[in-house]
Amino acid sequence: MITDRIDAVTRITPEFQSARLRAPKSVKIEISPRCNYRCGFCALRTRVSQPKWDIDFELFKRMTREMREAGVEEIGVFYLGESFMNPRLLVDCIAYLKSEIGMPYVFLTSNASMAFPEAVEACMAAGLDSLKWSCNAADEAQFEKIMGVSGKLFYESLENIRETWTIRQAKGYKTGLYASSIQYDGEQQGKMEALLADKVRPYVDQHYWLPLYSMGAFATQREEELGYRPTAGNQGRIGALREPLPCWSAFTEGHVTAEGKLSACCFDATSKWTMGDLNTQHFMDAWNSPAFVELRAAHLRKDVTGTVCESCIAYG
């Protein structure tokens, strides 16, 4: 079950309750920092302009090899952007992880709108272990309001979800198929349940709910406009919420931007939480950089006053 893996990463076990750490269980790497959505709740909206360069493949190979040698067992081939913006690079990255360095588990989250069947099948054939869809709008009108793009993509995403299931069933690929949705308030919940029952749950192995994250304090700027209140920090999934301090994303999972920067935050769209540069540093040197060690120590004290995490809604 995908939720078992999620819970294993968001749980800070005793071995990770330290400022200096062994390699994380999981690392998410941004294949493409670009996205075709402009979701009202997403930290990507804080970027003045969309980045134009996707990750350098040679950098990707070097740092993932370092991660595997250090003991990382799961790689997410996404971070903030939509990885299907560059499907060829995405497939190459998956193939390298599975065939060249033997990464045990490779996973991906996508908004589905650009996951055309040929690209999805290539990902499955390359060895992708898990593909999760983000489904956060109940109808075309809500989609256009919250995702900020044409409602045409709403229908394309649902069609791609159905087509992916059909491909897997016909070809026998082992990729797990999942979906998550933000649990909004009020009547939205009923609308989402109806959509999921008809268009999503029949085509995935498991669906689960997420809170509306604060996205590093960003979502508070959009609360009034969208009409939904964000939860504190990143507390994991509904049903297994974690305390906001210490924040698990600084302890059990690495986050790497397409530029090769290691971040302490799972919603760092503006490099505010950069702890190291993998263009010039070994992964473990960045993972235990002085800045990262100091930040983790503050989290363990449950006092992030004066740190880059101070402005997060979790602490104010």
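These are my notebook entries on a few local features of this predicted model.

**Ground rules.** I number residues from 1 along each chain as its sequence is written, and my side-chain values use heavy atoms, with hydrogens and water left out. Since I am reading a predicted model, local features need pLDDT of at least 70 and side-chain atom pairs count only at pLDDT 80 or more, while totals for chains, interfaces and linings use all residues.

**Asparagine 136.** I found asparagine 136 in the loop between strand S4 (130-134) and helix H5 (140-147); helices (H or I, at least four residues) and strands (E, at least two) are DSSP runs, numbered from the N terminus. Its relative accessible area is 10%, so I noted asparagine 136 as buried (buried is under 20% relative accessible area, exposed over 50%, partly exposed in between, with a 1.4 Å probe and protein chains only). The side chain of asparagine 136 reaches the backbone nitrogen of isoleucine 182 at 2.8 Å.

I looked up a cis peptide bond and found one joining leucine 245 and proline 246, with omega about -5 degrees. Proline 246 sits in the loop between helix H8 (223-226) and strand S7 (253-256). Serine 271, not a glycine, has a positive phi of about 65 degrees; serine 271 belongs to the loop between strand S8 (261-263) and strand S9 (274-277). Lysine 302 also has a positive phi, near 60 degrees, and is in the segment after helix H10 (290-301). With a relative accessible area of 54%, lysine 302 is exposed.

**Cysteines.** How many disulfides are there? I count zero, taking a disulfide as a pair of cysteine sulfur atoms within 2.5 Å. Cysteine 247 is buried, at 12% relative accessible area.

**Salt bridges.** My count is 15 salt bridges, each a side-chain nitrogen of Lys or Arg within 4 Å of a carboxyl oxygen of Asp or Glu. One of them pairs glutamate 253 with lysine 28, with the closest N and O atoms 3.7 Å apart. This pair links distant parts of the chain, strand S7 and strand S1 (residues 26-29), 225 residues apart. Both glutamate 253 and lysine 28 are buried. Another joins lysine 98 and aspartate 129 at 2.9 Å, N to O. Lysine 98 is in helix H3 (residues 87-100) and aspartate 129 in the loop between helix H4 (117-126) and S4, so the pair ties together parts 31 residues apart in sequence. Finally, I noted a network of salt bridges linking Glu159, Arg162 and Glu163.

Terms used: Polar contact = N/O pair within 3.5 Å; in protein donor to acceptor, adjacent residues only side chain to side chain.
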